[in-house]
Amino acid sequence: MAPQRAPGRGRLPDHRPLSPAGRAAVPAPMLATSGSPPDHPDWAVEMKWDGVRAIVINSGAQCRLYSRNRREITGSYPDLVTALTGHLGGRDLVLDGEIIAQTPDGAPSFRLLQRRMHVARPSRALIGAVPVQLFLFDILTDTGTDVTGLTYLDRRERLQALALNTAPLQTPPYWVGSPADRLLGAARDNGLEGIVSKRLDSTYQPGRRSRAWIKTPIRETTEAVVAGWTAGSGSAGATFGSLILAAHDADGRLVHIGNVGTGFTTAARRALRARLDEIARPDALFPLTPGRFGRPGTPHWVDPVLVADIEYREYTGEGLRHPSWRGVRTDIAPESVRIPAE
């Protein structure tokens, strides 16, 4: 079945943010720092899922979903909302999890999820063609009580008690005392993104990137701001050759971190080129070193409003090595994108 397009002839949608009052009512998720997994009995290990973060707020007869940057995404996943409402009833809960789409062999696929995450009101055909699941791994509010101050193990016990274990809702397992290298190997064998280690006594700290959670990806991924594009040739002549990528440095300045020219489908190139033309700007965002990233070419600049999801081998300080395009992130604000750690 052909992929469904969002309204507007394949244009990438604009997701309107909540009002300041609305954003204040939605907790920002706790974030992990990158690093090697601590092989220590005081840590639990979870698998890292290749999807998009979701905060669930269930109250009375109403259930709403919000992205990592607290944009409402309820309309994009009516199948999840129906399942949550039916299982949770009117219980007052705030949950944290990850929305994923899976390939036929069961591996999470961010590329496949792109077909759902950019559609504000998916058709029944699209929902059937690209089913999604919600993997829930934390609880912030239980029956109206704030439980973020409880330990990881206490929160997981409360989460397990909800019995969210029937598709499309799942509570994935965690491991204590298992060697991290063995769990990394299991993640690799199953096509997963990596692992996340969490201190057993850690509290939930909304909006904070904490050393109490450590993510260890098998392959590196990062967000990047699309700053422009260079001309393509051959089959890419009508769209672009590469996209100019940027991120904010420690002083908040937007700087060049590389160009990406691989990983695009033909349809993605066409949709992106249409969007790039809409946000074109005449002036440069930052200086470029001629020929430093790939084939030299005249840069075409755009307003820094699109956030890309990029896979890469390493970041050297000079730029991303072997970057590959994975898709557009609508759940992350451009101003929050930072240079990857070396």
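**The largest nonpolar core**

Select V226, L243, L245, I310 and W325: of the 32 residues in the largest nonpolar core, these touch the most other members. A nonpolar core is here a set of buried Ala, Val, Leu, Ile, Met, Phe, Trp, Tyr and Cys residues joined through side-chain atoms within 4.5 Å. Buried means under 20% relative accessible area, exposed over 50%, and partly exposed in between, with a 1.4 Å probe and protein chains only. The model is predicted: local features need pLDDT of at least 70 and side-chain atom pairs count only at pLDDT 80 or more, while totals for chains, interfaces and linings use all residues. Residues are numbered from 1 along each chain as its sequence is written, and side-chain values use heavy atoms, with hydrogens and water left out.

Next, colour the elements that give two or more residues to this core: β12 (220-230), β13 (242-248), β14 (254-260), α7 (266-278), β16 (307-312) and β19 (324-329). Helices (H or I, at least four residues) and strands (E, at least two) are DSSP runs, numbered from the N terminus.

Centre the view on L245, which lies in strand β13. L245 counts as buried because its relative accessibility is 0%. Beyond residues up to four places away in sequence, its contacts (heavy atoms within 4.5 Å) include A224, V255, F286, I310 and L320. The C-alpha atoms of L245 and V255 are 8.4 Å apart, and the two residues are 10 apart in sequence. Moving to I310, and leaving aside neighbours within four places in sequence, one finds contacts including E220, L245, V260, P323 and W325.

Now select α7. This helix has 13 residues and reaches 19 Å from its first C-alpha to its last, close to the 18 Å expected at 1.5 Å a residue; the expected span is 1.5 Å times one less than the number of residues. Its buried residues are R269, A271, L272, R275 and L276, and what covers them includes β12, β13 and β19.

Two strands pair if DSSP finds at least two bridges between them. β1 pairs with β11 (residues 209-217) in the parallel sense over four bridges, and L31 stands opposite R209 in β11.

Six of its six residues are buried, so β2 is largely enclosed by the rest of the structure. β2 and β10 pair in the antiparallel sense over six bridges, with E46 opposite V196 in β10. Two bridges join β2 to β9, also antiparallel; there V45 stands opposite W175.

**Salt bridges**

Show the charged side chains. A salt bridge is a side-chain nitrogen of Lys or Arg within 4 Å of a carboxyl oxygen of Asp or Glu, and the count comes to 20. In one of them, K198 pairs with E46, the closest N and O atoms being 3.1 Å apart. K198 lies in β10 and E46 in β2, so the pair ties together parts that are 152 residues apart in sequence. Both K198 and E46 are buried.

Then select D96 and R53, which meet in a salt bridge at 2.7 Å, N to O. D96 is in strand β5 (residues 93-101) and R53 in strand β3 (residues 52-59), 43 residues apart. D96 is buried at 0% relative accessible area, and R53 counts as buried at 11% relative accessibility. Salt bridges that share partners also join D50, D309, R326, R329 and D331 into one network.

**Backbone details**

Finish with the loops. Most residues other than glycine have a negative phi, and most peptide bonds are trans. The peptide bond from A167 to P168 is cis, with omega near 10 degrees; P168 lies in the loop between α5 and β8 (169-170). R70, in the loop between β4 (62-66) and α2 (78-88), has a positive phi near 65 degrees. H322, in the loop between β18 (320-321) and β19, has a positive phi near 55 degrees.
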